[in-house]
Amino acid sequence: MLVAAATQAWAHSVAPEAVLAELRSDAAREELGIVEASRLDGAPRLLIVRVGARWHDLPAESRRRAAERWGRAWQHAVPQGVVSIVDATSGAAVVNFDALGRAQLSR
């Protein structure tokens, strides 16, 4: 039974590079307004997603759902992973996450 559980957990793990590749894809950039997605040197648990004008044009619920998807994916890929979603121009946070991973839009 433990082998089955371990195999199932492994099947659901995602590599950090896969999450980054998805966020950097042309489709994500165009659809969600992602300008850049990267890990911070010296803080490998941190994923920074910089968003542009397209992000701000999306309905609030679409932005909230996308942010929560990114947060879940990163936490599966990186133990205790943290996602920061910021405006590419100003650097200001556009999403805050509560302790349960729920996204709160700040702008």
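**Entry 1**

I began at Ile-48, which stands opposite Ser-84 in β3. The model I am reading is a predicted one.

**Entry 2: The strands around it**

In which sense do β2 and β3 pair? They pair in the parallel sense, over 6 bridges, with β3 covering residues 82-87. I checked β1 next. Strand β1 spans residues 34-40 and strand β2 spans residues 43-51. These two pair in the antiparallel sense, also over 6 bridges.

**Entry 3**

I put the strands together. They make an open sheet of 3 strands, in the order β1-β2-β3, and its pairing is mixed. Which strands are at the edges? They are β1 and β3, and each of them pairs on one side only. Neighbouring strands in this sheet are turned against each other by 20° on average, with direction ignored.

Then I looked for helices on the sheet. Helix α2 packs on it and touches β1 and β2. The direction of α2 makes about 160° with that of β1. Helix α5 packs on the sheet too, touching β1, β2 and β3. The direction of α5 makes about 145° with that of β3.

**Entry 4: The core**

I looked up the largest nonpolar core and found 23 residues in it. The residues with the most contacts inside this core are Leu-23, Val-49, Trp-55, Trp-70 and Ile-85. Several elements give two or more residues to the core: α2 (16-24), α3 (26-32), β1, β2, α5 (60-77) and β3. Which element gives the largest share? Helix α5 does, with 5 residues. I wrote a general remark beside this: in soluble globular proteins, nonpolar side chains tend to be buried together.

I followed Trp-70 in detail, leaving aside its neighbours within four places in sequence. Trp-70 is in contact with Leu-23, Leu-32, Ile-34, Val-49, Trp-55, Val-83 and Ile-85.

**Entry 5: Asp-87**

I went back to strand β3, where Asp-87 has its place. Is Asp-87 buried or exposed? Asp-87 counts as buried, because its relative accessibility is 9% and the cut-off for buried is under 20%.

What does the side chain of Asp-87 reach? I found a polar contact with the side chain of His-56, at 2.8 Å. The side chain of Asp-87 also reaches the backbone nitrogen of Ser-90, at 2.8 Å.

**Entry 6: The whole chain**

The protein has 5 helices and 5 strands. Along the sequence the pattern reads α-α-α-β-β-α-α-β-β-β. Of the 107 residues in the protein, 34% are buried.

I also looked at contacts between residues at least 6 apart in sequence. Of these, 45% join residues at least 24 apart. Last, I noted the accessible surface, which comes to about 6700 Å². Carbon and sulfur atoms account for 56% of that surface.

Technical notes:
Residues are numbered from 1 along each chain as its sequence is written. This is a predicted model: local features need pLDDT of at least 70, side-chain atom pairs count only at pLDDT 80 or more; totals for chains, interfaces and linings use all residues. Side-chain values use heavy atoms; hydrogens and water are left out. Two strands pair if DSSP finds at least two bridges between them. Helices (H or I, at least four residues) and strands (E, at least two) are DSSP runs, numbered from the N terminus. Buried means under 20% relative accessible area, exposed over 50%, partly exposed in between (1.4 Å probe, protein chains only). A polar contact is a pair of N or O atoms within 3.5 Å; within protein, one must be able to donate a hydrogen and the other to accept it, and residues adjacent in sequence count only if both atoms are side-chain atoms. Contact means heavy atoms within 4.5 Å. Accessible areas come from the Shrake-Rupley method with a 1.4 Å probe; for residues, only the protein chains shown count as cover. A nonpolar core is a set of buried Ala, Val, Leu, Ile, Met, Phe, Trp, Tyr and Cys residues joined through side-chain atoms within 4.5 Å. Axes are lines fitted to C-alpha atoms, for helices over the stretch in contact, and angles run from 0 to 180 degrees between N-to-C directions.
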